[in-house]
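Q: I have a model open beside its sequence, and I would like to learn how to read it. Could you walk me through a few features?

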Amino acid sequence: MAEPILKRERVRDYLLELIETHPPGAPIPAERALCRQLAVSRPTLRSAVDELVNTGLLIRQHGRGTFVAPAKITQELVAADRAMTVPQAGGAWTSRVLEHARVPAGARVGRRLRVSPAAEITYIARLRLVDGAPMAIEYLHVPVAVAPGLTVQDMESGNFYDRLADHGVHVSDAVQSIEPTVTNDAESTLLGVPVFAPALLFERLTNDTTGRPVEYVHSLYRGDRYRIVSRLSLAPSAPAPGARTGHHPGIPPGDLSSGQVRSATTGDVQ
């Protein structure tokens, strides 16, 4: 069994080298030529190509061939100084509002926003695009009492936190979780991906400078075009006041003698 696995890894490494040394949109050689060059069977080659297509590094176009996927751009989601700022990401990010309504918070959202289930919130669903291509769907919940004048125009122009500032609301901190999921029928249609395509689910609760929850949002990002990257500082340092114990994702407990990891997390769009 080792030989087929090694052959597939050799093909994968060769394709990754092509991807890293060719510009976005560049075609890769035809299957027949690659099989002959690498001395592998077509099923072995297709297995490696399929993996790189599924992870978003290659794009297969019916009747045309296989091409290097669009280049990755990076957006820093948490600044190194832990300030509530989001540096401008590469590419042109735009928004299109899908739904905008005032509705009761309900039990689940009300609990997160610390308001009554009957309290009125502004519910916004919007499609986020990068250079015109759909990247994510966001579902935002903002108490009407926090920003009673939020409009569709507010949600389609500029940074949302800048829009909140226009309403006198200044954000301070947020807690965000990320977990893997898959897309359903409606989400797949909006994002232009197959049903049950891999995706990343973000859930965030944002507080203002008084500690009041001002925004609850969950977002679905395309798994084939978005990934999470962390820059870690592994040098010993004093724990931040109120720091939670545990471990950094991807680093098992006990792997670092200091037990402290400082990180800035970035999102890559490809």
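Q: Where in the chain is the place of Arg-114?

A: Happy to start there, keeping in mind that this is a predicted model. Arg-114 sits in the loop between α4 (106–113) and β5 (120–130).

Q: What should I look at in its backbone, and is Arg-114 buried or exposed?

A: The general idea comes first: most residues other than glycine have a negative phi. Arg-114 has a phi near 55 degrees, a positive value in a residue that is not glycine. With a relative accessibility of 59%, Arg-114 counts as exposed, since the cut-off for that label is over 50%.

Q: Which loop holds Asp-131, and what is the phi of Asp-131?

A: Look between β5 and β6 (133–143): Asp-131 lies in that loop. Its phi is positive, about 55 degrees, although Asp-131 is not a glycine. Asp-131 also counts as exposed, at 56% relative accessibility.

Q: Let's turn to helices. How do I read which side of a helix faces inward?

A: An α-helix has 3.6 residues a turn, so residues three or four places apart point the same way. Now take α3, which covers residues 42–54. The buried residues of α3 are Thr-44, Leu-45, Ala-48, Val-49 and Leu-52. These residues lie on the same side of α3 because they cover an arc of only 130 degrees around the axis.

Q: Which exposed residues does the face of α3 turned away from its buried side carry?

A: That face carries Pro-43 and Asn-54, both exposed.

Q: How many residues does α3 have, and how far does α3 reach from its first C-alpha to its last?

A: Helix α3 has 13 residues and reaches 18 Å, close to the 18 Å expected at 1.5 Å a residue. Just after the helix comes Gly-56, with a positive phi of about 85 degrees.

Q: Last topic: how many aromatic pairs does the structure hold, and how do I read one?

A: There are 4 aromatic pairs. To read a pair, check the distance between ring centres and the angle between planes; over 60 degrees counts as edge-to-face. Phe-202 and Tyr-226 are edge-to-face because their ring planes stand at 80 degrees, with the centres 6.1 Å apart. This pair links distant parts of the chain: Phe-202 is in strand β8 (residues 198–208) and Tyr-226 in strand β10 (residues 226–233), 24 residues apart. The rings of Tyr-221 and Tyr-226 have centres 4.5 Å apart and planes at 45 degrees, so that pair is tilted.

Technical notes:
Residues numbered from 1 in each chain as written. Predicted model: local features only at pLDDT ≥ 70, side-chain atom pairs only at ≥ 80, totals over all residues. Heavy atoms only, no water. Helix = DSSP H or I, 4+ residues; strand = E, 2+ residues; numbered from the N terminus. Expected span 1.5 Å × (residues − 1). Buried < 20%, exposed > 50% of the residue type's maximum accessible area, 1.4 Å probe, protein only. Arc of directions from axis to C-beta. Phe/Tyr/Trp six-rings, centres within 6.5 Å; stacked < 30°, edge-to-face > 60°.
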